[in-house]
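Below is a walk through one structure, from the pieces of a single chain to the place where chains touch. Please keep the sequence and the 3D view at hand while reading.

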Amino acid sequence: MIVAGCDVGSLTAKAVIMRGEEILAAEIIGVRPKPEQSARDVMERALEKAHLTLKDIDYCVSTGYGREKIPFARDNISEISCHGRGAHWLIPSVRTVIDVGGQDCKVIRVDATGKLQNFIMNDKCAAGTGRFLEVMAKTLGVRLDEIGPLSLMAKNPVGITSMCSIYAQTEVVAFIAQEVDRHDLAAGITRAMAERVKSLAMRVGVEEDVVITGGVAKNIGVVKSLEGMLRVTTKKLTVDPQVMGALGGALFAREKIAPKG
Amino acid sequence: MGSLTTKVVIMKDGAVIAHHIVETGFKPDLAAESALEGALSQAGLSRGEVGYCVSTGDGGKNVSFAGKYVSQLPCLSKGSYFFVPTVRTVVDVGGNATRAISVGKEGRVLGYRLNDKCAAGGGRFFDVLAEALEVKLDDLGPLSQQSKSPLEIASQCTVFAESEVISLLNDGKDVVDIIAGVNRSIASRIASLVRNVGIKEDVVMTGGVARNIGVVKSLEEWLGVGIKMVPADPRIVGAIGASLLAGKELGEG
């Protein structure tokens with residue numbers, strides 16, 4: 001029995017293929033102009049990696065912002081449920097999943113069985129999402145993946161007071177004009193980012209164990225700041241945190257064809 | 001002194017005799033100096049001939065030549081009252097903040113609502129969007145008037161609206177319809193702030209965004225009332241209010 005999950009987000013598309021308890025492939029690509037195309041391309045990549053064809057997939061569940069437009073998916077499930085399910089499968093003790101994606105941020109509470117209990121989402125404001133970091137990386141003139149490591153070398157992180165990404169960008173530009181050290185800038189940015197995520201998390205409450213999923217989980221600076229602010233140590237995932245939604249999709253697909261009990 | 005522009009107004013005997021606007025930039029003290037120099041040379045005056053100066057605005061406390069600092073709210077309402085004595089509500093949409101002010105007798109401030117936390121709803125939104133659309137800021141108003149079917153802009157956030165507008169352009173949508181949609185969407189944000197403070201006529205609009213005819217017209221639609229414009233550059237109304245207050249310090253008015 002081979003199942004797949006396909007997660008088409010705002011910036012990236014991910015696919016996970018599973019057989020039994022084994023992940024055969026997990027792939028990530030940048031999105032194409034149309035969600036169908038993103039889904040096809042990322043699935044093709046994952047299939048190639050697993051030495052399979054689309055016909056070998058018994059069931060596929062799609063998720064993410066483009067989930068209703070995936071022709072080869074037999075069902076679609078919200079990314080909130082999928083992230084919860086994926087994280088819970090890897091770490092059964094997880095109770096809080098903080099998913100920070102390209103254009104939104106969700107804090108998801110699950111029970112001991114991995115079932116969704118409560119969640120909160122920000123998809124209206126770029127602050128506290130991956131987009132904030134993108135805007136800031138561009139302003140600093142560094143790659144997105146450089147911000148985290150740079151921030152770890154800061155001596156005096158700057159304080160960014162604006163909530164709004166646009167106003168925060170102006171603050172950073174002013175700091176650059178004052179020739180502030182870029183490590184201190186990077187640390188100010190990751191802290192500001194963590195601050196927004198924290199305020200969202202506080203609104204649903206944080207119970208351990210906590211995991212961070214989504215692309216921003218790869219930013220060590222944001223993760224460290226957030227851990228400090230929430231006074232928790234997040235559990236590290238053994239698979240790429242960005243494919244958690246797709247993994248959850250594959251797990252749901254598995255249940256669809258072999259229901260529990 | 002605003003976040004984006006710094007304005008100096010010189011008044012004599014109850015009339016504006018000169019004004020000058022410069023960009024604030026990152027050196028506010030220099031901006032204040034150059035705005036003052038510009039206004040003085042226009043008026044043909046020297047610094048010593050200015051009786052008193054009141055500063056206002058975000059950077060108003062950095063103005064070394066001012067005798068006193070007063071917050072924007074009384075300056076904006078006094079300035080609006082100077083031109084429109086029947087004013088009861090001032091809507092000021094500046095670079096980094098939007099204010100709705102309820103005005104009482106003789107231009108007194110009765111209450112206000114402020115948005116300075118989010119760029120959507122303020123002038124910065126238009127800077128970002130004009131750049132994305134590759135249109136001059138000053139053309140946003142006139143171009144929007146050519147639109148027959150304004151598009152709906154779903155995003156509230158400036159960053160997300162920028163992406164939305166770029167994808168609308170890529171989809172081949174008409175740029176004038178996009179601009180009209182952008183103006184309408186911001187006008188609706190401004191309108192909710194005004195509703196919060198209470199809509200009382202006459203409504204006067206000030207600040208740089210008042211120069212965007214598309215926003216003014218949309219705001220009139222959302223509020224269901226006409227908006228009075230001042231017979232001067234709407235960006236200098238705060239500075240006019242400040243100079244009226246300076247006159248008071250000297251026992252005038």
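Two residues are taken to be in contact if their C-beta atoms, placed from the backbone, lie within 7 Å. The model is a predicted one.

With that cut-off, consider how chain B is divided. Its domain assignment gives domain 1, made of 1-71 + 236-253, and domain 2, which covers 85-229. Taken over C-alpha atoms, the centres of domain 1 of chain B and domain 2 of chain B are separated by 26 Å. Across the boundary, six residues of domain 1 of chain B are in contact with five residues of domain 2 of chain B. On the side of domain 1 of chain B that touches domain 2 of chain B, two residues are nonpolar, three are polar and one is charged.

Strand β2 (residues 12-19) of chain A and strand β3 (residues 22-30) of chain A run antiparallel and are joined by eight bridges. Within this pairing, A15(A) stands opposite E27(A) in β3(A). The hairpin of β2(A) and β3(A) has two residues between the strands, and G20(A) takes a positive phi near 60° there.

Further along chain A there is a pair of helices. Two packed helices are described by the angle between their axes and the distance between the axes. For helix α6 (residues 182-204) of chain A and helix α7 (residues 220-230) of chain A, the axes come within 8 Å and cross at roughly 50°. Angles under 35 degrees count as roughly parallel and those of 65 to 115 as roughly perpendicular, and α6(A) and α7(A) are therefore oblique to each other. Their crossing, that of α6(A) and α7(A), is right-handed. The residues that meet include A187(A), T190(A), A194(A) and V197(A) in α6(A), and V222(A), S225(A), L226(A) and M229(A) in α7(A). By class, the contact of α6(A) with α7(A) has 10 nonpolar, three polar and three charged residues.

Last comes the meeting of the chains. Chain A and chain B each bring 12 residues to the contact. On the side of chain A that touches chain B, α3 (130-140) and α5 (165-177) of chain A each supply at least two residues. Which helix gives the most to that side of chain A? The answer is α5(A), with five residues. Sorted by class, the side of chain A that touches chain B has nine nonpolar residues, one polar residue and two charged residues.

Conventions:
Residues numbered from 1 in each chain as written. Chains lettered and ligands numbered in written order. Predicted model: local features only at pLDDT ≥ 70, side-chain atom pairs only at ≥ 80, totals over all residues. Axes fitted to C-alpha atoms, helices over the stretch in contact; angles between N-to-C directions. Helix = DSSP H or I, 4+ residues; strand = E, 2+ residues; numbered from the N terminus. Parallel < 35°, antiparallel > 145°, perpendicular 65-115°, else oblique. Left-handed = near helix turned anticlockwise from the far one by under 90°. Nonpolar A, V, L, I, M, F, W, Y, C, P; charged D, E, K, R; others polar. Domains from an automatic or database assignment. Pairing = 2+ DSSP bridges.
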